Amino acid sequence: MDHLTVVDHPLVQHKLTLMRQQETSTSEFRQLLREISQLLAYEVTRDLAMTTKRITTPVQEMDAPVLAGKKLALISILRAGNGLLDGVLELIPSARVGFVGLYRDEETLQPVKYYFKVPEALDERVVIAVDPMLATGNSSVAAIDMLKEAGAKNIIFLCLLASPEGVARMKDAHPDVPVVTASMDESLNEHGYIVPGLGDAGDRMFGTK
Ligand code: URA
């Protein structure tokens with residue numbers, strides 16, 4: 001997989017535009033996020049390893065394609081990651097799920113850890129870390145650090161929006177972790193928000209502002 005994949009599918013781009021608009025309500029935002037995360041999940045799983053399984057159709061036997069290896073691990077980077085997680089889980093219902101709790105100190109913009117719980121045998125799974133916004137990259141890089149410490153070897157980072165700074169930071173810290181996103185936006189502002197962005201993803205999906 002390339003280090004950066006921007007999913008330019010027309011449905012993804014249309015839904016993203018609706019999400020960006022400030023007049024989009026919390027319930028519409030949540031619904032769009034659910035829909036867009038399924039489309040992104042489709043792309044992020046494109047290169048999964050396959051094997052075959054002998055099955056019998058009503059007509060005859062065949063060797064039919066199935067996913068190889070252990071169940072995927074989806075890791076939500078709290079709290080906004082949960083919005084992406086729901087839609088991805090609908091597409092991959094048997095995935096194992098973990099959570100990394102990090103919040104961003106609004107002054108230093110540095111990540112602070114408060115929770116970490118991940119599935120066992122992380123080293124044998126494809127691990128998809130989800131967080132809607134790859135902004136400064138500080139918390140995303142810290143989350144990937146923790147997942148690697150817990151044994152993860154094959155990690156993909158899935159987000160909705162990325163900034164050039166965040167992508168560069170991720171590439172620098174974790175060149176082995178591909179980033180899949182719906183958009184690479186222009187820049188970051190002085191508060192660490194993605195520009196033009198969509199505002200605070202957590203606030204918009206949970207209606208906390
Ligand atoms: N987190 C958000 O929710 N939005 C941004 O623009 C940056 C970080």
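Let me start with the loop between β4 (73–78) and α3 (81–91), where R79 has its place. Please bear in mind that this is a predicted model. L78 and R79 are joined by a cis peptide bond, and its omega is about -5 degrees.

A cis bond also occurs from V195 to P196, with omega near 0 degrees. P196 sits in the loop between β14 (194–195) and α6 (201–206). As background, most peptide bonds are trans, and most residues other than glycine have a negative phi.

That brings me to A121, a residue other than glycine whose phi is positive, near 55 degrees. A121 belongs to the loop between β6 and β7 (126–130).

Strand β6 itself spans residues 111–117 and contains Y115. Is Y115 buried, partly exposed or exposed? Y115 counts as partly exposed, because its relative accessibility is 39%. Together with Y103 and Y114, Y115 forms a nonpolar patch on the surface. The accessible area of these three tyrosines together is about 340 Å².

Finally, I turn to a pair of helices. Helix α4 covers residues 138–149 and helix α5 covers residues 164–173. How are α4 and α5 packed? Their axes are 9 Å apart, and the angle between the helices is about 25 degrees. The two helices are therefore roughly parallel, since angles under 35 degrees count as such. As for handedness, the crossing in which α4 passes α5 is right-handed.

Note on methods
Residues are numbered from 1 along each chain as its sequence is written. This is a predicted model: local features need pLDDT of at least 70, side-chain atom pairs count only at pLDDT 80 or more; totals for chains, interfaces and linings use all residues. Side-chain values use heavy atoms; hydrogens and water are left out. Patches are made of residues with over 30% relative accessible area and no salt bridge: like charges are joined within 9 Å, nonpolar side chains (Val, Leu, Ile, Met, Phe, Trp, Tyr) within 5 Å. Accessible areas come from the Shrake-Rupley method with a 1.4 Å probe; for residues, only the protein chains shown count as cover. A salt bridge is a side-chain nitrogen of Lys or Arg within 4 Å of a carboxyl oxygen of Asp or Glu. Helices (H or I, at least four residues) and strands (E, at least two) are DSSP runs, numbered from the N terminus. Buried means under 20% relative accessible area, exposed over 50%, partly exposed in between (1.4 Å probe, protein chains only). Axes are lines fitted to C-alpha atoms, for helices over the stretch in contact, and angles run from 0 to 180 degrees between N-to-C directions. Angles under 35 degrees count as roughly parallel, over 145 as roughly antiparallel, 65 to 115 as roughly perpendicular and the rest as oblique. A crossing is left-handed if the near helix is turned anticlockwise from the far one by less than a right angle, and right-handed if clockwise.
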